[in-house]
Amino acid sequence: MVPDLRPKLAFVLFLSVCAFAFDWQILLPLIALVLLFPLALPSYHPASDRARHLFFRFILFSIAISGAIIVLNGWILQTGERVEILPGIPLFSDGLLFGVRTAARLLLLSFSVLLFFSSTPIPTCINALQQSGLPRTVVLMLLLTLHFLDSLPERINRIFMAQEARGAPVRAGFISRTKAFFSILSPLLLSSIAESVDRGVALELRGFLLEMAPSAKPALPAQPLSPLTILLLAASFFILVISIARWLLP
Amino acid sequence: MKLSEQFTKETSGAAIPFIAFCIALNLTVGQVTSALKIPIYLDSIGTVLTAVLVGPLAAATAGALSNLLASAMGSPTMAFFVPVSLVIGLFSGILARRGWFKQWYLVVLGGALQGVLAAVCSAPISAYLFSGVMMAGTDFLVLYFRSVGNTIMESVFYQGLASDPVDKIITYLIVFLLMRNLPRRLTGRFAGAANIPSRSA
Amino acid sequence: MAPSITLERVTYRYAPGTAPALSDLTISLPGGTCCAILGPTGSGKSTLVQLLAGILAKHHPESVGEGSLTIGDHRYTPLPNDILFPDVGLALQDPYVQISGIRETTRKEIELTLETLGRDLVNEGGNIERLMHQLGITHLAARKPTTLSGGETQRVALATILIANPDVLLLDEPATALDYGAQANLKLILQSLRGAATVLFTDTHIDLPLEVADYFVVLKAGRVQFEGNRKQFLEHLPDFADLLPVEAWGKVLSALKGDPQSPFVRRIVQAVGLL
């Protein structure tokens with residue numbers, strides 16, 4: 001029932017290894033490739049509207065920042081030839097090159113992780129982890145976190161409004177705002193601990209912490225790796241070995 | 001297995017929802033600080049809360065899961081810093097166990113030490129994986145250090161030293177002040193109940 | 001099938017040396033009945049119900065309990081130190097807290113209990129439908145459990161416990177968080193559960209007990225003030241009427257109608273200070 005996430009994970013691994021092994025001339029086309037995947041392959045479509053929005057916003061943001069980083073590096077690290085790209089601002093080739101290199105690596109690393117998560121809803125990831133043997137308590141923790149992530153912003157808002165209504169200095173000077181910070185965090189923590197205690201009891205009462213009878217444990221058939229996964233893993237290993245060899249042997 | 005026994009002991013009953021809340025808090029506290037326009041990060045406050053009230057292994061788990069979820073929700077580079085969060089959780093938990101959260105001066109000292117430790121752990125990751133380029137405000141500081149002749153590793157480390165101890169001292173102090181006012185009947189059933197400062201501290 | 005519940009000389013302290021929450025309690029509840037545990041706040045009702053569920057020991061490690069508990073054929077001496085689910089199910093006072101929040105639909109929330117117990121979902125499919133119908137929540141099957149009203153949430157929470165088929169069902173102050181419409185629903189549900197399981201619920205008011213319960217226990221400061229069936233309860237009501245407020249006299253009087261004659265009702269009304 002749970003889609004096999006291993007090819008996707010292997011792909012992220014492959015891209016990460018490439019990010020360190022290759023220089024920007026190879027990385028930039030790879031980045032372009034990664035950006036085309038959501039459009040081309042169904043399994044890489046963004047999982048929801050929100051994911052799509054996040055995906056594109058992050059990409060635009062990253063590309064803009066990368067431009068800034070490259071220019072900054074070229075300006076501050078003043079070694080190498082002088083390059084006149086921007087009128088009046090002295091940029092140097094070493095810094096620019098460094099900027100391009102590191103930006104390419106950073107972009108590829110973050111885009112590959114981003115691609116994975118924007119095309120795989122978090123509950124699916126958690127289910128896959130559970131089937132791979134993640135302990136029940138940790139799975140429960142993750143799922144409850146998602147629930148809290150949904151409800152916390154509203155609760156914080158309510159406490160914020162309640163505190164403002166009773167005169168907490170939420171818009172006054174810096175020191176006052178710090179005090180206001182406590183008057184929000186303190187009731188939040190208190191009510192959350194109380195709720196955790198109650199929820200913990202409720203979970204226990206539904207048998208969450210009981211040891212499951214051995215016959216009832218779901219059998220985990222070890223699925224064979226798909227050919228694509230094997231290919232990607234092999235390619236990653238190969239590139240890694242070559243890179244380490246090149247680094248060790250001058 | 002001693003570790004898994006310890007983990008089970010820490011994560012019983014009320015601890016599981018509480019740790020989940022702390023992870024969510026790590027990811028949401030930014031909403032509070034920006035609404036109040038207070039310029040601090042505090043993204044490990046939940047980890048430290050778990051460290052005091054529950055224990056080191058639970059706190060390490062909370063920290064690691066926070067990074068992974070943050071990665072999944074729009075900050076992809078956070079996943080690479082999981083080791084730093086593990087260290088923060090373990091270190092805070094061990095300090096809490098030794099009673100460092102009961103006296104304010106130990107809290108400040110502990111926060112400072114934690115900050116240095118965090119800087120030491122994150123420097124190699126920033127330096128080797130990202131060459132000091134993180135697409136965050138701190139990049140400017142790193143660039144400054146590099147422009148005066150330091151290596152990437154040194155620059156990243158100095159940047160960490162400049163910001164992490166302050167952030168961690170503040171986080172520790174906030175946790176200390178918050179924990180002081182908790183009623184005993186609520187905290188009694190958590191594994192770390194003995195680590196909490198009393199009202200007179 | 002529905003077991004009787006007997007407590008013999010049960011004393012329970014949350015910490016050694018403190019005043020006992022339950023003091024030398026000896027009660028005998030008949031199997032298959034609907035029992036009401038009544039008393040003011042602090043009388044030990046919640047402690048009793050949590051003790052029966054086996055939830056106290058782990059959460060209060062310093063607590064000290066004496067006496068024995070017998071549920072059906074099982075005798076627990078010393079008192080149980082682990083939860084007795086799924087044989088004994090407990091529904092807490094706050095229904096919202098009992099919704100796990102980790103399942104997208106109400107139906108899946110109910111299925112979650114079965115998954116946790118390792119039971120086969122395919123086999124139990126019919127049971128889930130029947131239970132949802134019995135509790136009147138079939139129309140909520142596809143709804144997100146965290147978006148329901150108080151009464152609906154309580155019924156879903158009940159479903160998540162009842163699907164495990166407990167022999168004993170405990171409810172801690174089920175009427176408190178509900179409006180009148182939801183309370184009427186609750187009454188029907190409790191009546192329909194009779195016989196299949198032994199049902200115990202706590203309450204501070206006598207409204208719901210009078211409408212639904214067959215057997216009554218009145219507690220005060222951890223001690224038994226009264227134990228008996230409906231007829232005996234009504235006869236002795238003036239003795240402890242000061243402990244038991246009434247929320248809605250209309251409901252109480254209509255519950256008493258057809259029971260004893262007016263002079264009796266008059267005596268009760270006098271005893272609670274209305275005349």
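**Chain B and its setting**

Mentor: Because a compact globule of 201 residues would have a radius of gyration near 17 Å, the 17 Å of chain B agrees with that expectation; the radius is taken over C-alpha atoms, and the globule rule is 2.2 Å times the number of residues to the power 0.38. This is a predicted model, in which local features need pLDDT of at least 70, side-chain atom pairs count only at pLDDT 80 or more, and totals for chains, interfaces and linings use all residues. Residues are numbered from 1 along each chain as its sequence is written, while chains are lettered from A and ligands numbered from 1 in the order in which they are written.

The C-alpha trace of chain B spans about 55 × 35 × 35 Å along its principal axes. Its secondary structure consists of nine helices and zero strands, where helices (H or I, at least four residues) and strands (E, at least two) are DSSP runs numbered from the N terminus. Two residues are in contact if their C-beta atoms, placed from the backbone, lie within 7 Å. Among contacts in chain B between residues at least 6 apart in sequence, 67% join residues at least 24 apart.

Chain B also meets chain A: 42 residues of chain B are in contact with 49 residues of chain A. On the chain A side, α3 (49-76), α4 (93-119), α6 (136-165) and α7 (174-205) each supply at least two residues, and α7(A) gives the largest share, 18 residues. By class, this side of chain A has 35 nonpolar, eleven polar and three charged residues; Ala, Val, Leu, Ile, Met, Phe, Trp, Tyr, Cys and Pro count as nonpolar, Asp, Glu, Lys and Arg as charged, and the others, Gly among them, as polar.

The largest nonpolar core has 193 residues, and B:Ile19 and B:Val52 are among those that touch the most other members, as is A:Leu108. Such a core is a set of buried Ala, Val, Leu, Ile, Met, Phe, Trp, Tyr and Cys residues joined through C-beta atoms within 7 Å. Leaving aside neighbours within four places in sequence, A:Leu108 is in contact with A:Leu15, A:Cys18, A:Ala19, A:Leu27, A:Leu30 and A:Ile31.

As to confidence, the model scores ipTM 0.89 and pTM 0.84.

Notes
Buried ≥ 20, exposed ≤ 12 C-beta atoms within 10 Å, placed from the backbone.
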